[in-house]
Structures are given as structure tokens and as C-alpha cells.
Amino acid sequence: MRTRRLPGRHRRATERQATYGEVIAVKEFRALWYGQGLSLLGDQLAQVALAVLVYDRTRSALATAAVYALTYLPSILGGPLLAGLADRFARRGVMVACDLLRAALVGVMALPFMPFPVLCGLVFLVVLLSAPFSAARAALLPEVLEGDRYVVGSALQNMTNQAVQMLGFAAGGAVIAALGPYRALAINAATFLASALILVTGVRRRPAGEHAGGRPSMWTMTRAGARLVFGDRKLRTLVLFAWLCGFYVLPEGIAVPYAVELYTGTLPVPVITGLLMAAMPLGTVVGAFLFSRFVTPPGRMRLMGWLAMLSCAPLIVTAMRPPLEVVLGAWVLSGIGGAYQLAANAAFVQRVPPDQRGQAFGLVQSGLMAAQGVAILIGGYAAEKLGPEPVVALSGITGLIVAAVLAMIWTESRGRVRTQTAT
């Protein structure tokens, strides 16, 4: 029996490439975009301020690193446990509530007399609230932008995130030197309030999703989300594509010791470190723009596996201990390959039911944070034993092998879908 297929004209219409102009013209997307960019800029400023504040109080590199590690742990825990709030309640309401709570918590952190243990607890809670916020925003975006607009909107948000991170880290030190860390934290609290106001005025309220048998418990939703994500072979492959980032993010975690190895007396080590850490975000911005602007929707799915391999392959060149210019070029190229995440994200959204997107995105995000944190931890330990160059090269080789296997699985699953459609 043959399934009915769309006529060529209609099929081309559904695959039409969206433009940045028509995505930006959507009022609700602009609100999500502005709010995210504003709060992210405040977060980057707060990260620098927090590091300065903790070191000034403790004079301990370990304490400073421990507080930084707190920014990973809540996301790993909060994704599975709290992301379901984005499916259980109205998503705009979840985002606004998280913004208001984070504004209050960061406002308390900005008080000069706050004891260090309390400060650590507040950091944990602030980052913990980012899990339901991010899940709600990720689940809401496909409702605001349909079809290829979603991919282009995701690319625009991704480019903005990378640019804001580079700007925030670059300008953060100067701002804190002028205002002090406490005022910088107060500015971050204000960005959360501004984000909440933008969401209330720019995004319309949508009711919470309907669930069969009433509203399930958070534990039931977490188990259902895990079964959905890991019980479906295609979804499982897409999730592994997302978690592949652990291999090509690892070099950023050992940028400082790598900068020491690359030091020749021309540029200071901090400058080399900054260049290394900015290389992959720069490549990500370029790759996201080119991939979303010049590659058709079907072409993105075909190129996804190849770009995933490109995200890891250039790192292998570091085994030859090349000079700084070659390393920067390789890391930028790796960032360009990371654009495959846009296609993986779009395919994931299409396959997940709308009423489970929040939980599904939360699980993936938790794994993403865990993959990055574990990779950086392993990379740091290995770099002490072997040196940074071979560790980055090994990460590239391992990531390339994993990416090649995933690409073959993805190609096979896409071929099976086409065969089933044609019969």
C-alpha cells in the first residue's frame, strides 16, 4: 500500500527556507530573544563578579573553583527534576516566575554582609532555577516559530548567545573594576526583572498542556520523559549528537595550560588564553549563520553527520604542536562544525510531542551540562599527566570516531524513513 505524498509544489513550500527578517518580525520571538540576551549579559557579568568576590573573601583558588563548579551541578540535577514544570504549568508563567525568583536571590547576593556559605547556597539556587526557565523557553519557541523559522530563530539565538558571552567576558572585568562586584550583581538582578517585564508584555499567555488522566506528578513526568527520549532510537541518536559537544568543548577547559605551552614571548599568556577561548564561539557564530542562511532544510539534515565530524576532526592537528595561528584556525573550524546542533535540535523538536517538550529538553540539557563538566574534568586531569596538546588531539580523535558512528546510524535511520514513506 502506498501512502499519499504531497504534490511537488506543496512539498517545496513546506521546505521553504526562512529568512532572518521574517523571524525577527515575529513579536513574540523578539521578546524571547531580547529577554534571553539581556539576562545572559547580566549572567556573564555576574560570573566575573562572583569569581572576584569569592577570591577577595577567601584568597583561595580552590574556593573560587568550587563556586564555579556550582554553576554546573544544579543544571545537571535540575534538568530531570524541574524541567517538567514547563509541561505542567503555562510556559510563560514558569519563565516569569523563574526570572522574579532569580532577581530576588541575586539581589540578596549583592548585599555586602552576606556570609560565604549563604552566598554559595544562593548561587546554587539561582542556577537551579535556570533549568525550568530554559526548558520552558525551548519548549515555547517551536510554538512561536513554525517550520524553518524555528531553525533560523534558533540560529539567531545561538549567535546572540555566543556574541553576548564574548562581550560579557571581555567587558566584565572593566565594568567590575569601575563599579565593584556588588553593584555588578545588582545589575544582574535588574536584568532578570527586565527580562520578566519583556516576557509579560511581549509573549502571550498559553494554557498548560493537557495530560491524560489529570496532572501527573513530577516523578511520573520525569520517567515518561526519559522513556520518550531514550526509548526512541532516532531521538536517542539526536541526543547523542547533542552530547557530542563534550569532546569539542574540552579544549576550552584547558585553555590556560595550553596558552602557557603556546607562549613565545610575543603575547602575554592571558591574551593567548582569551584568543583560544574566543575561537570556538567565533566559529559557532559563523557556522550558525552560514548553515541557517545558505543551506536548505533537507540539506541540513544530510550535512548534520558531516558537520558533527568537522566539529572534532580539526582538533587532531594539535598533536603536531602547531603555532598559535594554526591552533586558532583549527578551533574556529571546529566551532563552525558545531552548527550541526541546529539541525539536530530541529529534528528533535519535530519528533517530540508538544506536551512533553519541556521535560525532554530538560533531560537533554542536563546531559549536555554533565558531558561538558565531565569532559573538562577528565581533560584537566589528563593535561597534567600528558600535556594539553596530546589531550586535545585525543579528544578530537575520540570525538571523530563517535561522530562517524552517529552519522552512519543517522543516515541509516533517514534511509529507512524514506523507504517506509515510498511504500
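Analyst: The discussion below moves from the overall fold to helix packing and then to salt bridges. Please note that this is a predicted model.

User: How many helices and strands are there in the protein?

Analyst: The protein has 21 helices and 0 strands. Of its 423 residues, 50% count as buried. The accessible surface of the protein is about 19600 Å², and carbon and sulfur atoms contribute 68% of that area.

User: Among contacts between residues at least 6 apart in sequence, what share joins residues at least 24 apart?

Analyst: That share is 86% in the protein.

User: How is the packing of two helices described?

Analyst: One gives the angle between their axes and the distance between the axes. Here, helix H8 (residues 116-128) packs with helix H9 (residues 130-144) at an angle of about 15°, and their axes are 5 Å apart. Angles under 35 degrees count as roughly parallel, and H8 and H9 are therefore roughly parallel to each other.

User: Which residues meet in H8 and H9?

Analyst: Val126, Val127 and Leu128 of H8 meet Ser130, Ala131 and Pro132 of H9. By class, the residues of this contact comprise 5 nonpolar, 1 polar and no charged.

User: Where do Arg351 and Asp232 lie?

Analyst: These two residues form a salt bridge whose closest N and O atoms are 3.1 Å apart. Arg351 lies in helix H19 (residues 340-351), while Asp232 lies in the loop between helix H12 (218-231) and helix H13 (233-243), so the pair ties together parts 119 residues apart in sequence. Arg351 is partly exposed, with a relative accessible area of 38%.

User: What does the salt bridge of Glu412 and Arg233 tie together?

Analyst: Their side chains meet at 3.7 Å, N to O. Glu412 is in helix H21 (residues 388-422) and Arg233 in helix H13, so the pair ties together parts that are 179 residues apart in sequence. Glu412 counts as partly exposed at 42% relative accessibility, and Arg233 counts as partly exposed at 36%.

User: Which residues are linked in a network of salt bridges?

Analyst: The network links Glu28, Asp87, Arg91, Glu143 and Arg206.

Note on methods: Residues numbered from 1 in each chain as written. Predicted model: local features only at pLDDT ≥ 70, side-chain atom pairs only at ≥ 80, totals over all residues. Heavy atoms only, no water. Helix = DSSP H or I, 4+ residues; strand = E, 2+ residues; numbered from the N terminus. Buried < 20%, exposed > 50% of the residue type's maximum accessible area, 1.4 Å probe, protein only. Contact = heavy atoms within 4.5 Å. Areas by Shrake-Rupley, 256 points an atom, 1.4 Å probe, with all protein chains shown as cover. Axes fitted to C-alpha atoms, helices over the stretch in contact; angles between N-to-C directions. Parallel < 35°, antiparallel > 145°, perpendicular 65-115°, else oblique. Nonpolar A, V, L, I, M, F, W, Y, C, P; charged D, E, K, R; others polar. Salt bridge = Lys/Arg side-chain N within 4 Å of Asp/Glu carboxyl O.
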